[in-house]
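Me: I'm new to this one. Can you walk me through what is here?

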Number of protein chains: 2
Amino acid sequence: MSVVRVLRKPATAMVMDTDAIVARIAEAIAAQKLPPGAKLGEEALGDIFGVSRTKVRQALFQLAGDKLITLIPGRGAFVTQPSVRESKEVFEARRVIEGAIVARFVEVATTKDIEMLREHIAEEARAISGGSAQSRNRLLGDFHTVMAEVAGNAVLAEVVSELVARTSLITLFYQNTRGANDSAEEHRQLLSALEKRDTKRAVTLMSEHLSNVEKGLVLREDAPAAPDLRSALG
Amino acid sequence: MSVVRVLRKPATAMVMDTDAIVARIAEAIAAQKLPPGAKLGEEALGDIFGVSRTKVRQALFQLAGDKLITLIPGRGAFVTQPSVRESKEVFEARRVIEGAIVARFVEVATTKDIEMLREHIAEEARAISGGSAQSRNRLLGDFHTVMAEVAGNAVLAEVVSELVARTSLITLFYQNTRGANDSAEEHRQLLSALEKRDTKRAVTLMSEHLSNVEKGLVLREDAPAAPDLRSALG
DNA sequence: AAAAACCATATTGTATACAATTATAGTAAA
DNA sequence: TTTACTATAATTGTATACAATATGGTTTTT
């Protein structure tokens, strides 16, 4: 540890709450700024967030509960590297749960809810033509979370939210060969079925959509590069 | 804090791992030894498990992630008191997820798997005639967890496991008017459908079974009594 | 006597100190 | 040059100390 490091104050003087730290790291993972395998050192995180290791540790434990990071005793915390099996199970779980959510959505969604979804999809289109890859990915994932929330079962919505986050980890680890366009187009088709209140078709489309995303994945040999922690979380 | 307290060693000299503490508390809640609303003081737990508050705190955070306890900032940790809405959502989520699991079970279960389930049900019967209320409840819940595990999707199995634990909290908070017999009988009927590989009927039976459990719940006015922590966790 | 204010006590929140483990680097031997 | 070993540094695991907050009981006031 250099003298400079000791003398310098934490670069960002912000003092964060534990939940805020969890949110920031989860966000960075979902935005694919922190690649699978990246080491999350406790002191390094503490410096970045301006807190002691105590809080960082609590945050890491929470994230481990959501499977976004993996704690190896004595070694530390690492962004999870999802196994092939785990990936398949996540997609299957999503088909089951989100299929049910779509059905519920058709039942309970108001015109306003559907309008909200339409606006979300419009935003996706804008991000695809102009925005960053990060905002694209975030919006494509949020689509599913929003649907779950509207469907009105908070328990299922939370599960979906966790699975969506894990999915973005999976699609980074196994680079996906599909463009954002493909997903966005399928979202549009799903919306069309929802507008017609065609439950059966909507459920089928959602299931197929998730299968398509899964099929687009391939094993990569080269691990994604691990960037500087501070820039990923800043 | 009395002098006696300071002089006396922790009653149980065991030193536990964080995960072991989580398991013990979760177990006690599932076994309905710790009623909703019970206060879980950090120092008290530390004394019981022979560790410092640091480890206890980690355990409490993990349990909060599973919604078994609720952390109120500055006030402490309490066994969760599930709201009516939350309870409905848990049952609905279980119908969705366990319906899918039953279908998968029929597909993948070997003769041996079904035999295991049959043996489990036999054990339920024994517990109902002779065992304690606690072991009855545990077995009735485990039935669902076992099915999820056999079905072979670890992601869904873990979700089910969490929902089962929350359910036992719900059935304690809202005292259920059904006997253990009723559930056990429905388990038997489900098994019968599974043996015939009748997917459709099995899914229906599972869904109805969960609905029946839910229907048996009633709001109680009197909060369950909170026993001594040490006896509940010992 | 009831309510409010205050003090003492207990409990939680956070940081830090120390112990134990793991990684790293340097040196020596093959 | 590679491998094995050892010493040192860095990191994690745990406990403890201290600060901040909440609790409960006593006194004071109305």
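Reply: First, a term. A residue is near a molecule or strand if its C-beta atom, placed from the backbone, lies within 6 Å of it. Helices (H or I, at least four residues) and strands (E, at least two) are DSSP runs, numbered from the N terminus. This is a predicted model: local features need pLDDT of at least 70, side-chain atom pairs count only at pLDDT 80 or more, and totals for chains, interfaces and linings use all residues. Residues are numbered from 1 along each chain as its sequence is written, and chains are lettered from A and ligands numbered from 1 in the order in which they are written.

Me: OK, DNA then. Which element gives the largest share of the surface near DNA strand D?

Reply: α4(B), with three residues.

Me: What classes are they?

Reply: Three nonpolar, seven polar and five charged residues. Ala, Val, Leu, Ile, Met, Phe, Trp, Tyr, Cys and Pro count as nonpolar, Asp, Glu, Lys and Arg as charged, and the others, Gly among them, as polar.

Me: Now DNA strand C. Which residues come nearest there?

Reply: Ser52(A), Thr54(A), Gly74(A), Glu42(B) and Gly76(B), of the 15 around DNA strand C. Two or more residues each come from α4 (53-65) of chain A and α3 (42-49) of chain B. The largest share, three residues, is from α4(A). By class, the surface near DNA strand C has three nonpolar, seven polar and five charged residues.

Me: Switching to the protein chains. How many residues of chain B are in contact with chain A?

Reply: 16 residues of chain B, with 16 of chain A. Contact here means that the C-beta atoms of two residues, placed from the backbone, lie within 7 Å. On the chain B side, α4, α5 and α8 each supply at least two residues. α5(B) gives the largest share, seven residues. That side has ten nonpolar, four polar and two charged residues.

Me: Which surface do the copies meet through?

Reply: The same one, because 100% of the interface residues of chain B are also interface residues in chain A.

Me: At what angle do α4(A) and α4(B) cross?

Reply: Roughly 35°, and their axes come within 10 Å. Axes are lines fitted to C-alpha atoms, for helices over the stretch in contact, and angles run from 0 to 180 degrees between N-to-C directions.

Me: Which residues make that contact?

Reply: Gln58(A), Phe61(A), Gln62(A) and Gly65(A) of α4(A), and Gln58(B), Phe61(B), Gln62(B) and Gly65(B) of α4(B). By class, two are nonpolar, six polar and none charged.

Me: Last topic, chain A by itself. How many helices and strands are there?

Reply: Chain A has eleven helices and three strands. Its C-alpha trace spans about 65 × 40 × 35 Å along its principal axes.
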